[in-house]
Amino acid sequence: QMGGASPCCWGPSPLSPSQQGSGVGDGVLSAFRSICGEEGVSLGEAVREQHGKDESVHRCRPPDVVVFPRCVEEVSALAKVCHKHRLPIIPFGTGTGLEGGVGAVKGGVCFSLRNMEQVLDLHPEDFDVTVEPGVTRKALNAYLRDTGLWFPVDPGADASLCGMAATSASGTNAVRYGTMRENVMNLEVVLADGSIVHTAGKGRRPRKTSAGYNLTNLFVGSEGTLGIITKTTLRLYGIPEAMVSAVCSFPSVQAAVDSTVQTLQAGVPIARIEFLDDVMIDACNRFSSLSYPVTPTLFLEFHGSEQSLQEQVKTAEDITQSNGGSDFQWARDTETRNRLWKARHDAWYAALALRPGCKAYSTDVCVPLSRLPQIIVETKEDLIENRLTGPIAGHVGDGNFHCLMVVDPNNPEEMHRVHLFTERLARRALAMDGTCTGEHGVGLGKRALLCEEMGPVGIQVMRSLKDTLDPNNLMNPGKILQREEP
Ligand SMILES: Cc1cc2nc3c(=O)[nH]c(=O)nc-3n(C[C@H](O)[C@H](O)[C@H](O)COP(=O)(O)OP(=O)(O)OC[C@H]3O[C@@H](n4cnc5c(N)ncnc54)[C@H](O)[C@@H]3O)c2cc1C
């Protein structure tokens, strides 16, 4: 099985319901309609296709039917019908995933959660909030605007917060504020048989707990294979008194990454530190009308009081200069800062614009910080040797970086070279004690690599957990684990 972009995953060829034959008959459809109303059930081809794909290269696999529940009771009742009729269930957030997680590889019922979009139970004094699965991170931050609080986990895309919990997402702020793993306090989950579990106990939101197994983090990163997340309770943070961003150019990849590692080792509580290689900054310059030097570059952001910012900035500046970095180019006002980070978040589209008509696939390895310079240098050499377009952008403060592979899906020879490259890269990360996926998840493309990463006993434990919670393999079948039919 493929470790990365796989030629067989390209192309449209959605199957019709009859070809998929997963048995969503009239009786089931009328049961669905009696639960969530006529408008809450869709068989339309366009709607099914829209729900059969995400932003990845994996080909569209439409479900047989899409349901739009409005509350947890409806999710539970719908799941009970699916359980009775042994129908696969595929949860759908906003479809911004990058690993083919929402494709209905065995047909079945897509649960689109967009109609559950309430922000519930805001506790500003306790720094937490509970949201339904249709709430996106931008919607939450807009809601919080007047409270002085914000939710910092930021994958760039305006993803649903429960989808972010499902993939254990992170992004540019994780170096300071952590990933979804550190920021989810409790989840409400509908299991495959329709029962409802609260992973930290109903309504509980302590800042810490030693109460039994960590069920919350079992579901964070489970990619819809263990249950449907219908609520998440999240940690919030005070909006920092001041924020400044800066850009710094370096003579080499090594110098940029060494600066990152040394800045963190010096204890600077940096909020964002993002690496872009020469190819990536060139693409961003063109796409976002910027004019930064075309050399390895760091985008940095500091959060804190005015006084602490001065100290942070001074230390970071000393370190970058000792590594041959340019002077910081400042983005102090909100508008310039937003422009800078928009350009960073648009890196995916900037990469795509390098070769119009091509598709993009993002690798996602993550290694211990000290191994980062070596893996990036080796990866760049590999890209050049194999004549591949793969600008590099990375959350280097976490040891996580992406090669945004821009490939021509109609060129099988190039596709093959990309596939071999992504496998080499993942194995290089594993050999350096890292992981094949820092934040995008396993989905369809990394199932074989997960086996290498975990080893047979680890995989067996994962299988046992899956069998216990979902003995009929109904929850998003075919994702994360490759398994035989029961
Ligand atoms: C331009 C771009 C940049 C990106 N950058 C980053 C980044 O920096 N960091 C990062 O982490 N990600 C990044 N992503 C990926 C993506 O935004 C995340 O994976 C996000 O967490 C997906 O959320 P979603 O709501 O769109 O989920 P979907 O795509 O709808 O689903 C993803 C998976 O989660 C499952 N799922 C969704 N909702 C639920 C639910 N309520 N209950 C159970 N399972 C559910 C689905 O079944 C599927 O397996 C980027 C994507 C794009 C397009």
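**Backbone, domains and ligand**

Modeller: This is a predicted model.

Biologist: Switching to domains. How is the chain divided?

Modeller: Into domain 1 (119-238), domain 2 (242-334) and domain 3 (349-431). The contact between domain 1 and domain 2 takes 7 residues from domain 1 and 8 residues from domain 2.

Biologist: How far apart are the C-alpha centres of domain 1 and domain 2?

Modeller: They lie 30 Å apart.

Biologist: How much area do domain 1 and domain 2 bury between them?

Modeller: About 660 Å², with 50% of it on carbon and sulfur atoms. On the domain 1 side, Thr172, Val175 and Arg176 supply 70% of the area buried against domain 2, more than any other three residues.

Biologist: How many salt bridges are there between domain 1 and domain 2?

Modeller: The count is 1 salt bridge. As for side chains, Arg272 and Asp154 meet in a salt bridge, 2.9 Å from N to O.

Biologist: And how many residue pairs are in polar contact across that interface?

Modeller: The rule finds 6 residue pairs between domain 1 and domain 2, both residues being at pLDDT 80 or more.

Biologist: Which helix gives the most to the side of domain 1 that touches domain 2?

Modeller: Helix H7, residues 174-177, with 3 residues. The residues on that side of domain 1 divide into 3 nonpolar, 2 polar and 2 charged.

Biologist: Now the ligand. Which residues around it come nearest?

Modeller: There are 36 residues around the ligand, and Pro91, Thr94, Thr96, Pro155 and Ser160 come nearest.

Biologist: What about polar atoms? Start with Gly97 and the ligand.

Modeller: A polar backbone atom of Gly97 is 2.8 Å from an oxygen atom of the ligand. For Ser170, a backbone N or O atom lies 3.0 Å from a ligand oxygen atom.

Terms used. Residues are numbered from 1 along each chain as its sequence is written. Side-chain values use heavy atoms; hydrogens and water are left out. Domain bounds come from an automatic or database domain assignment. Contact means heavy atoms within 4.5 Å. Buried area is the accessible area (1.4 Å probe) that two parts lose on being put together, summed over both. A salt bridge is a side-chain nitrogen of Lys or Arg within 4 Å of a carboxyl oxygen of Asp or Glu. A polar contact is a pair of N or O atoms within 3.5 Å; within protein, one must be able to donate a hydrogen and the other to accept it, and residues adjacent in sequence count only if both atoms are side-chain atoms. Helices (H or I, at least four residues) and strands (E, at least two) are DSSP runs, numbered from the N terminus. Ala, Val, Leu, Ile, Met, Phe, Trp, Tyr, Cys and Pro count as nonpolar, Asp, Glu, Lys and Arg as charged, and the others, Gly among them, as polar. A residue is near a molecule or strand if one of its heavy atoms lies within 4 Å of it.
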